[in-house]
Amino acid sequence: MIMGCQISDELLGTFLPIVVYWGYSGIYCLLEWLKGYRLHTKQDEDEKNLVSKWTVIKGVLCQQVVQALVATLLFAMQVMGSDDEAVGSTQRHSLTVLVVQFITAMIVLDTWQYFMHRFMHQNKFLYKHIHSLHHRLVVPYAYGALYNHPVEGLLLDTIGGALSFLLSGMSPRASIFFFSFATIKTVDDHCGLWLPGNPFHLFFKNNTAYHDIHHQLYGSKYNFSQPFFVIWDRILGTYMPYSLEKRRGGGFEARPAKEFNGD
């Protein structure tokens, strides 16, 4: 029940992550003037990015429409394939089962996105015509997290999300929390701020600075992992360690670690 209205888990699972995306991005928009915690200056954000913010907003909204349609289809298929008693029972999983489902979904999503993301960098046609759109944001910011070519949005995010939902066996109710969490994590990775005490920086090696390295020219062949772990980068030799250094004039700069050898 929300404000006296009964809303299904399927509807919440479809649209709440979209609301979370813009709400969480909005918080970072209010904080972006904290130059003492920025990874790039506001001037760099305005001058180095190759796409307008209005174009980014339109691109993200387009992708979210596709995601909502796919989510609606998935939930409809799940309901049609289950009787009412079975659907109801999926809402009563133990905490252990839910944790296993979340971890499974995270691993599935990470695995799918790593290999698709890396392939889009290695294939010159796909990079030039599809993935380069996302890299027009040389200086990432929060609500640009899902700015992609529509084909990339479908392949990486929408299909990746669908696979993580189906293979983990989570219920529509559990998916509300998982995809809202994944959305917050993705926005955080692109926010461009290194805030003290940020729990994502404490618990995940894949974080704002890690992904910022990838958006720079010297890091375009590294740090493909997203949005949770860095496992595949480490296993397959595409991990670029970094150091955070204070920038003259305020803020931080993520740079490749001095001991890193990319040969």
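A pocket, on a 1 Å grid over the protein atoms alone, is an open set of points with protein on both sides within 12 Å along at least five of seven lines, while a cavity is a set where a 1.4 Å probe fits but cannot get out; lining residues have an atom within 4 Å of a point. Grid points are joined across faces, edges and corners, and a volume is the space filled by probe spheres set on the points.

Notes on the model: I am working with a predicted model, where local features need pLDDT of at least 70, side-chain atom pairs count only at pLDDT 80 or more, and totals for chains, interfaces and linings use all residues. Residues are numbered from 1 along each chain as its sequence is written, and side-chain values use heavy atoms, with hydrogens and water left out.

**Entry 1, pocket.** I looked up the largest pocket and got about 170 Å³ of space. Its lining is Arg118, His121, Gln122, Tyr127, Ser220, Lys221, Phe224 and Thr238. Helix H5 (residues 95–122) gives the largest share, three residues; helices here are DSSP runs (H or I, at least four residues), numbered from the N terminus. By class I have two nonpolar, four polar and two charged, with Ala, Val, Leu, Ile, Met, Phe, Trp, Tyr, Cys and Pro as nonpolar, Asp, Glu, Lys and Arg as charged, and the others, Gly among them, as polar.

I found three cavities of 30 Å³ or more. Of its 36 lining residues, Gln67, Asp157, Gly161, Phe179 and Thr183 are the closest to its centre. H7 supplies the largest share of that lining, seven residues. The lining splits into 16 nonpolar, 17 polar and three charged residues.

The second largest cavity comes to about 110 Å³. Among its 15 lining residues, the closest to the centre are Glu32, Arg38, Glu45, Tyr141 and Cys191.

I checked H7 (residues 150–168) against H8: the angle is about 135° and the axes are 11 Å apart. Axes are lines fitted to C-alpha atoms over the stretch in contact, and angles run from 0 to 180 degrees between N-to-C directions. H7 and H8 are therefore oblique to each other (under 35 degrees is roughly parallel, over 145 roughly antiparallel, 65 to 115 roughly perpendicular, the rest oblique). Gly161, Ser164 and Phe165 of H7 meet Pro172, Ser175, Phe178 and Phe179 of H8, contact being heavy atoms within 4.5 Å.

Terms used. Helix = DSSP H or I, 4+ residues; strand = E, 2+ residues; numbered from the N terminus.
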